[in-house]
Amino acid sequence: MKSFCRFLLRLFGWKVIYAVPNYPKSIICVAPHTSNWDFVLGKIAYWSVGGHAGFLIKEAWFFFPMNLLFKALGGIPVAKKRGSSLTEVLVEKFNTTDRMILAITPEGTRRKVSEWRTGFLHIAYEAKVPIILGAIDAAKKTVHLERTFTPTGDVKADMKSIKAYYKGFNGIKPENFTTE
């Protein structure tokens, strides 16, 4: 799978810059998230370096036969219902497993949003796992997995630092991305 994914990326002119440790547990913060192609590209890029990460996806996508595909790819369904804390569930999952890599798009949508979701910061801080900053730069046809961020517990300051990192990257649909 690794070789095939590298071949696919080369075929389409993409390159992966990978320079982080192989953590047994981590969250991959993925941005910009401006297109459905981000998912495909991200999965292929991470597989090309031998990685396998789970991901959060709307529960509405878990219908037959899509549920089988998404489950096989590492999908974790997220219910829209209020009342249960996804953060608590994921912290518990991190704390009770030996290996777990979870990719999260803090923008939460492919539309342009200035307020990014902060749940991934709370999860990483409470579960004491590092955050890998994963960036897609469509303009340069590169996927970056080269920086680790350790959350401090100060969500506002952490988010400011993380957004600063992503300022130089361009999504597949650049008009749908902002760090402001």
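M1, F4, F7, L11 and F12 form a nonpolar patch on the surface of this predicted model, with about 590 Å² of accessible area together. A patch joins residues with over 30% relative accessible area and no salt bridge, like charges within 9 Å and nonpolar side chains (Val, Leu, Ile, Met, Phe, Trp, Tyr) within 5 Å. A salt bridge is a side-chain nitrogen of Lys or Arg within 4 Å of a carboxyl oxygen of Asp or Glu. The areas come from the Shrake-Rupley method with a 1.4 Å probe, and for residues only the protein chains shown count as cover.

The model is predicted: local features need pLDDT of at least 70, side-chain atom pairs count only at pLDDT 80 or more, and totals for chains, interfaces and linings use all residues. Residues are numbered from 1 along each chain as its sequence is written, and side-chain values use heavy atoms, leaving out hydrogens and water.

Start with M1. It sits in the segment before α1 (2-11). Helices (H or I, at least four residues) and strands (E, at least two) are DSSP runs, numbered from the N terminus. M1 counts as exposed, at 63% relative accessibility. Exposed means over 50% relative accessible area, buried under 20%, and partly exposed in between (1.4 Å probe, protein chains only).

Next comes Y18, in strand β1 (residues 15-18). Y18 is partly exposed, at 31% relative accessibility. Y18 and H144 are 126 residues apart in sequence, yet their C-alpha atoms are 6.3 Å apart in space.

Now the backbone. Most peptide bonds are trans, and most residues other than glycine have a negative phi. The bond from A31 to P32 is cis, with omega near -15°. P32 lies in the loop between β2 (25-31) and α2 (37-48). The bond from F64 to P65 is also cis, with omega near 5°. P65 belongs to the loop between β3 (54-58) and α3 (66-72).

Two lysines have positive phi. K128 has phi near 60°. K128 is in the loop between α5 and β6 (131-137), and is exposed at 72%. K141 has phi of about 55°. K141 is in the loop between β6 and β7 (142-149), and is partly exposed at 35%.

Last, a helix pair. Helix α5 (residues 119-127) packs with helix α6 (residues 155-166) at about 110°, their axes 10 Å apart. Axes are lines fitted to C-alpha atoms, for helices over the stretch in contact, and angles run from 0 to 180 degrees between N-to-C directions. The two helices are therefore roughly perpendicular, a term for angles of 65 to 115 degrees.

Technical notes:
Angles under 35 degrees count as roughly parallel, over 145 as roughly antiparallel, 65 to 115 as roughly perpendicular and the rest as oblique.
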